[in-house]
Amino acid sequence: MDLQEVIVEIREKNGLSQEEMANKLFVTRQAVSRWEHGETYPTIETLKAISKTFEVDIATLLGLQETPICQSCAMPIQNIDDFGTNADDTVTTEYCSHCYKGGSFTHNRTVEEMIESNLRFLDAFNAENGTAYSEEEARSIFKAHLLTLKRWQNRA
Ligand SMILES: [Zn+2]
């Protein structure tokens, strides 16, 4: 189910007209209508409002089956504030907010620099995954993993 269907479902479940939903979210009825027709997407601020007002978690709202992985730094994107944003302030499920904001990358790191930056979290990574990678092992594992991500494909 994608966002437009989720919005219709939330509205109908709550027995609201487009107008009533719009009033709750401080947007126009036309905005709700456009979302439901997939013509536009709510901005990140509006998504937060929908999530809070109707107690729907962000993954459900975005129709995500699983936690997306940032296609630049490999971080799992779990909270609404972790999602990167497009130029029109809608969210992207491809990149995290640390890598991608307002439609462009926030940094111009190379794969090697990304690996070094990820290595700073090696202790946390090892703790989380129950591994004991040395820096050198981690470097090659991170590299192999990063090269599977969209931003780094064809860049090896
Ligand atoms: Zn990222």
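1. Let us start with a term: two residues are in contact if their C-beta atoms, placed from the backbone, lie within 7 Å. With that in hand, look at Ile 69, which touches Ala 74 and Pro 76 when residues up to four places away in sequence are left out. Please keep in mind that this is a predicted model, where local features need pLDDT of at least 70, side-chain atom pairs count only at pLDDT 80 or more, and totals for chains, interfaces and linings use all residues. Residue numbers begin from 1 along each chain as its sequence is written.

2. Now for the overall layout. The chain has eight helices and four strands, where helices (H or I, at least four residues) and strands (E, at least two) are DSSP runs numbered from the N terminus. Starting at the N terminus, the order of elements is α-α-α-α-α-β-β-β-β-α-α-α. The C-alpha atoms fill a box of roughly 60 × 30 × 20 Å along the principal axes.

3. The chain is divided into domain 1 (3-61) and domain 2 (111-152), with bounds that come from an automatic or database domain assignment. How much of the chain is buried? Of its 156 residues, 20% count as buried. A residue is buried if 20 or more other C-beta atoms lie within 10 Å of its own, exposed if 12 or fewer, and partly exposed in between, with C-beta atoms placed from the backbone. As for contacts between residues at least 6 apart in sequence, 48% join residues at least 24 apart.

4. Next comes the core. A nonpolar core is a set of buried Ala, Val, Leu, Ile, Met, Phe, Trp, Tyr and Cys residues joined through C-beta atoms within 7 Å. The largest one here has 19 residues, and those with the most contacts inside it are Leu 47, Leu 61, Cys 70, Tyr 95, Cys 96 and Cys 99. Two or more residues of this core come from each of helix H1 (3-13), helix H3 (29-36), helix H4 (44-53), helix H5 (58-61) and strand E2 (91-96). In soluble globular proteins, nonpolar side chains tend to be buried together.

5. Setting aside neighbours within four places in sequence, Leu 61 is in contact with Leu 3, Val 6, Leu 47, Ile 50, Ser 51 and Val 56.

6. Which residues of H1 are buried? They are Leu 3, Ile 7 and Arg 11. Viewed down the axis of H1, these buried residues fall within an arc of 75° (the arc of the directions from the helix axis to the C-beta atoms), so they line one face of the helix. An α-helix has 3.6 residues a turn, so residues three or four places apart point the same way. The buried residues of H1 pack against helix H2 (18-25), H3 and H5, while Glu 5, Glu 12 and Lys 13 are exposed on the other side of H1. After H1 comes Gly 15, with a positive phi near 60°.

7. Turn now to the strands. Strand E1 (residues 83-85) and E2 pair in the antiparallel sense over three bridges; two strands pair if DSSP finds at least two bridges between them. Gly 84 has Thr 92 in E2 as its bridge partner. The hairpin of E1 and E2 has five residues between the strands, and Asp 89 in this hairpin takes a positive phi near 70°. Asp 89 is partly exposed, with 16 other C-beta atoms within 10 Å.

8. Glu 55 also deserves a look: its phi is positive, about 50°, although it is not a glycine. Glu 55 sits in the loop between H4 and H5. Is Glu 55 buried or exposed? Glu 55 counts as exposed because it has 8 C-beta neighbours inside 10 Å.

9. Back to Ile 69, which is found in the loop between H5 and E1. Ile 69 is partly exposed, with 19 other C-beta atoms within 10 Å. Between Ile 69 and Glu 20 there are 35 Å in space, C-alpha to C-alpha, and the two are 49 residues apart in sequence.

10. Finally, find Cys 99 in the loop between E2 and strand E3 (100-101). Cys 99 counts as buried because it has 21 C-beta neighbours inside 10 Å. Leaving out residues up to four places away in sequence, Cys 99 touches Cys 70, Ser 72, Cys 73, Gly 84, Phe 105 and Thr 106. Cys 99 and Pro 76 are 23 residues apart in sequence and 12 Å apart in space, C-alpha to C-alpha.
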